[in-house]
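Welcome, and please get your viewer ready. We will go from selection to selection, with a word on what to look for at each stop.

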Amino acid sequence: MIVGEQKPISEIKQIVAPYKKILILGCGTCVKTCFAGGDDEVAVLASALRLSCMTEGREIEIEEQTIERQCEDEFIQESARAVARNQAILSLACGAGVQAMARRFASMPVLPGVNTTFMGVLEKPGLFTEECSGCGDCKLAVFGGVCPFTRCAKKLINGPCGGSRNGHCEVNSETDCAWHLIIERLKALGQMDNLRVYQPPKNWSASLSSGPRKLTREDHVL
Amino acid sequence: MGQRSKSKVTIFHCINVFADGDALLVDANESAALNFVKLPCSSMVKDVFLLRAFEAGADVVAVLVCAEGACRYVEGNLRAKKRVGWVKALLDEIGLDGRRLALFNVTAGDTLTAVKFIREAHSLAAALGPSPAAGGYRPETVKV
């Protein structure tokens, strides 16, 4: 899922300062799971902003809504009426959701309330870790399902650097060494021979490095 | 809005600490208006409930939870403690003063200690004065 965290309230207050009527719009999929932008976070942020404005003697009207996904027009349409009643949208979606909202409502300011951070997993309650860089050229089959491009601080693809200690990265001792995990996993799978095959330099042209990407599924295009 | 004569204290409490706040022997001359909110377990005290208590005009919000290690649901009071800590930081950030929110551990059924903590919350409300946000809940706010 896409992992993000809510911006500091001081920054959000600055962003919404020019407006007196705002819609705080949550997104009920990825950012809900990481406690950044679901219906609970919408309610808390709305309440905190109202309290902050009352404290400062400033008027604000806040409407709250959460839709299933802000990155799909089918769901975005559900917010149209609420959008029309307000001067701006404070979106708690990821960056894709904010931009999809902005595309749909051309004359409405759409403001980000979340810093989109990475693609990752929920490792344990309250802990999210980055697992995928979206490089467009997945080699997880070779590395036993552990991505060295994302999870090795040095992005090494032909073996470990030798600097890890007790299975932890020398760059950040709180991070697992990706190569330690790869070797443990390949041993368990009986696939250590995978590491005998030289991995050529990664083709980064499929990644964001070559500019924004598009994916077309012709069978779904009318 | 007119000058309020009584400070307002909202008390969220686990029903395992005491069942009915209104039945507690709080001094009839207490200057604070009390508002008790019962919870089946203190872990049910969501952050938005605490914030909305302030929106509804509370000067101080107190959360009375079971003693650590004695939660009937194992860790409900620990979750409440973390949540209260998080909201206190948020209150500081929005200029409302995190001291207006307090958590107290009380042994189940120890009403004397519960009353003592409620009085502490009164004193806190008197010391901190009226909440700068005590304008009351804004009815025009819409939840879709």
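Start by selecting helix 1 and helix 2 of chain B, which are oblique to each other (angles under 35 degrees count as roughly parallel, over 145 as roughly antiparallel, 65 to 115 as roughly perpendicular and the rest as oblique). Their axes come within 9 Å and cross at roughly 45°. Axes here are lines fitted to C-alpha atoms, for helices over the stretch in contact, with angles from 0 to 180 degrees between N-to-C directions. Helices are DSSP runs of H or I with at least four residues, strands are runs of E with at least two, and both are numbered from the N terminus.

Before going on, a note on the model: it is predicted, local features need pLDDT of at least 70, side-chain atom pairs count only at pLDDT 80 or more, and totals for chains, interfaces and linings use all residues. Residues are numbered from 1 along each chain as its sequence is written, while chains are lettered from A and ligands numbered from 1 in the order in which they are written.

Helix 1 of chain B brings B:Asp47, B:Leu50 and B:Leu51, and helix 2 of chain B brings B:Arg83, B:Trp86 and B:Val87; residues are in contact if their C-beta atoms, placed from the backbone, lie within 7 Å. By class, this set has 4 nonpolar, no polar and 2 charged residues (Ala, Val, Leu, Ile, Met, Phe, Trp, Tyr, Cys and Pro are nonpolar, Asp, Glu, Lys and Arg charged, and the others, Gly among them, polar).

Next, bring chain A into view. The contact between the chains takes 18 residues from chain A and 20 residues from chain B. On the chain B side, helix 1 (47–55), helix 2 (76–93) and strand 5 (142–143) each supply at least two residues. Which element of chain B gives the most to that side? Helix 1 does, with 6 residues.

Two loop residues come next. Select B:Asp97, in the loop between helix 2 and strand 4 (101–106) of chain B: its phi is positive, about 80°, although B:Asp97 is not a glycine. Then select A:Phe35, between helix 2 (30–33) and helix 3 (39–56) of chain A, with a positive phi near 60°. Most residues other than glycine have a negative phi.

Finally, colour chain A by domain: domain 1 covers 2–118 and domain 2 covers 133–202, with bounds from an automatic or database domain assignment. Their centres, taken over C-alpha atoms, are 38 Å apart.

Key. Two residues are in contact if their C-beta atoms, placed from the backbone, lie within 7 Å.
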